[in-house]
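Here's a quick tour of one model, starting at the ligand and then moving to a strand. Keep the 3D view open as you read.

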Amino acid sequence: MIKTNERTFLLSTKETALLLRVNEADKLVCDHYGRLIDEGDLKSCAVPTGMPTGRTIIYDEKKSAKLALPLMQSEFSTPFKSDDLSPMIELYAEKGRVFDFIYDSYEIRDFVPMEGYPNPHGADQELVIKCKDEKMGAELHLHYVVFEDSDVIGKFIRIVNVGEEDIELRRAYSSQFSLQNEGYIIHGSFGNWAGEFQRNETKIGHFRYEFGSDSGSSGDQHNPFFMLKRPDTSLHTGIAYGFNLIYSGSHRVCVEMEPYGMIRVQQGISPSGFEKVLHKGESFLTPMAVLTFTHHGLNGVSHHMHDFVNKHIIPEQFAYKPRPIAFNNWEGTYAKFTEGKLKSLAKKAADLGCELFVLDDGWFGHRDDDASSLGDWTVYKKKLPHGIEGIADYVHKLGLKFGLWFEPEMISPDSELMKAHPEWAVTDGIHEPSLGRNQLLIDLTKAEVRDYLFECLDTHLKTGVIDFIKWDYNRTFSDLPRNGAFCHDYILGLYDLVGRITKAYPNVLFENCASGGGRNDLGMFCYFPQGWVSDDTDALERCKIQTEMAFGYPPSVMSNHVSAKTNHQMLRKTGFGTKFDIACMGILGYEMDVNDLDSVDEKAIKEQIEFYKENRNTLQFGTYMLLDTFDHDRQIVEMADGECALVTYVNYVQTPHSGNERLPVTGLIPDATYEYSVRKEVHSLKTFGSLVNQQTPFHVKEEGAIVNFLSRRMSLDAEALHGEAKGATLNAGGLQIGRQWTGTGYDDTTRILLDFGARIYIFKVKK
Ligand code: GLA
């Protein structure tokens, strides 16, 4: 809800309030962004002006003898008029470079979708504040969009050239927000291929902090999502702010503390390589920044962000719709497959209970490895003699949906497309372009390129046999052409293409991928409801990545696959039980040669899939709570949905003296009686090494033929646990769980987790 008394604007959501004010100098400032406030008390929130000190430059003596630009909690800033902090907007005209915008008018209206950008849906109201610099012929419109139910405020700006002269735009962030320092810490992420979303924290001091991406895409180096938290903020309590950007290109965050302790936070398109000339009458619109506040700790931020993504970002037709369990052939075969091999994998995937078969890279052109054929989106007949329709029909007859991999934004030097259209590859026209994974970007700023790619996708989609597309993007930008804002124009071209194709095929489910999680951002999720989280399918690494990502993105967008026991990225060996327990916190899939499974593993995977189907709603759309972290040698996550709560416990490394442990549980219905249990898991005989000799009548060798033979056929049941208790009791005291294995004896209550092992504890209301 937005309320105004002409010079103050109070934007309230369910639990938060943003208070803006036009001050005595006609500048727009932020007096409060935090918990709800009473609309009768706005004066008491006004940030005092104070007496200017020493050599302070007074902004406008006539309006106020006290007000100085760098001390205002200003909602925007421009350089060269005494505000020496990082500017939000940088403009140049022939006649000058001081742009001094002052308040002109406001409008409160229904949200008007932003042209050219992905738009969140279901917004409540929009406030537009117009500021002008008449002398320079420029207007600045500041937009505020309220998402009441998710406690989110969207912010973006428009710069308009209303004069005669050209205006050059060199920087235009989407949001500037100021707050007073209370020991804030930036909590964001850093990363790389196969190591996205690594935790990254720093206490804000008197420096300028800048992070983001200049790679052309939102990137795995620094996702646009980050938080500011106070030193006393925990997972469950305390003040935290969450920030994100609905944008998929190069982006930047700038956080700066000025000498007296005010912190300025800016988010938006990266100014590096960004130049736009606005001719008379033209305007520039920035993407939307997303802000939230909570006093319920870091879980509070994730609740707001999860709600926002599920309700307002994911295309409406997919909101809260169950996502299928995929089988993907990539780590099972890579590009080395035949039609027969794919059929045998699909058959086994169907037997196991999977619901979607995804044919990954290697089905087109003459692609046997990553050195050729991107751009030639015609079937590779040597591998698939009956075409895509042949394999898709086979898959459909098994009762599975059919999915296909594409990487439309790329062109291989070794391709028919390159022979026909070398000018479509992104180069500066001067240097030999640098290759990434043997490929070049294709220039999406060109309408004819987008039309060609639309046609390629449309040709396959209109056959009606494709239910799912994995849209990949496996290199970042280099050799940029000179024109002003190439990276930004490319992203607008991408939005045009994905917008057209998803509009033409609204029921095809798209999965976003960029060598794993290299472009998982709110912009892409506006078109593609889910994203491949990382090319790292190792259970422990994946657990860390998923957990950090979950502060800003819900499990319903995270596609996670169980892969072979010996992980291909880490060569770490992990049992399928643990792999499942971690992969199922999101959208489950399998990615390995399932024909190699022995009967023990096959049975275990069938049970996993049954368990997932029974609990899918909770695992994809339940309330996510991070209850403990590896800082305490165990990570505990709860996913709860009304009458069911699933608590995943992931061990860090095994220690010999683990004590009694309490499993925290939260949010259960106090009066209801819950039955609790643990998801059935088994131990391989091999777990016990040569200790098996204590139970066998004859000597067997560790890893010897007898143990190998037996362990393919039999296993030991792990940790039994059953009981019931009231929700109130469990909320208060958690659940006592047994000690871990300490090397002395085994019965069915012993918890053997090993290094990085996991369990799921189940709480269901008794019927
Ligand atoms: C990227 C993706 C993988 C797979 C390969 C295929 O690395 O992240 O999942 O699709 O491309 O080349």
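This is a predicted model: local features need pLDDT of at least 70, side-chain atom pairs count only at pLDDT 80 or more; totals for chains, interfaces and linings use all residues.

## Around the ligand

The ligand has 13 residues around it, and the closest include Asp360, Asp361, Arg437, Lys470 and Asp535.

## Polar contacts and cover

Which side chains put an N or O atom by a ligand oxygen, starting with Arg437? For Arg437, a side-chain N or O atom sits 2.9 Å from an oxygen atom of the ligand. Trp532 has a side-chain N or O atom 3.4 Å from a ligand oxygen. In the case of Asp535, the separation between a polar side-chain atom and an oxygen atom of the ligand is 2.5 Å.

So how much of the ligand does the protein bury? On its own, the ligand exposes 300 Å², and the protein buries 97% of that.

Now over to strand E33, which runs over residues 644-651. E33 is mostly covered, with eight of its eight residues buried. Cys644, Leu646, Thr648 and Val650 point one way from the strand, while Ala645, Val647, Tyr649 and Asn651 point the other way, and all of them are buried.

Which strands pair with E33? One is E32 (residues 634-641), joined to E33 in the antiparallel sense over eight bridges. Within that pairing, Arg634 has Asn651 of E33 as its bridge partner. E32 and E33 form a hairpin with two residues between the strands, where Gly642 takes a positive phi near 60°. Another partner is E40 (residues 758-765), also antiparallel to E33, over seven bridges. There, Val647 has Tyr761 of E40 as its bridge partner.

## Zooming in on Thr648

What does Thr648 touch, leaving aside residues up to four places away in sequence? Its contacts are Asp581, Met585, Gln635, Ile636, Val637, Arg759 and Ile760.

Key
Residues are numbered from 1 along each chain as its sequence is written. Side-chain values use heavy atoms; hydrogens and water are left out. Helices (H or I, at least four residues) and strands (E, at least two) are DSSP runs, numbered from the N terminus. Contact means heavy atoms within 4.5 Å. A residue is near a molecule or strand if one of its heavy atoms lies within 4 Å of it. A polar contact is a pair of N or O atoms within 3.5 Å; within protein, one must be able to donate a hydrogen and the other to accept it, and residues adjacent in sequence count only if both atoms are side-chain atoms. Accessible areas come from the Shrake-Rupley method with a 1.4 Å probe; for residues, only the protein chains shown count as cover. Buried means under 20% relative accessible area, exposed over 50%, partly exposed in between (1.4 Å probe, protein chains only). Two strands pair if DSSP finds at least two bridges between them.
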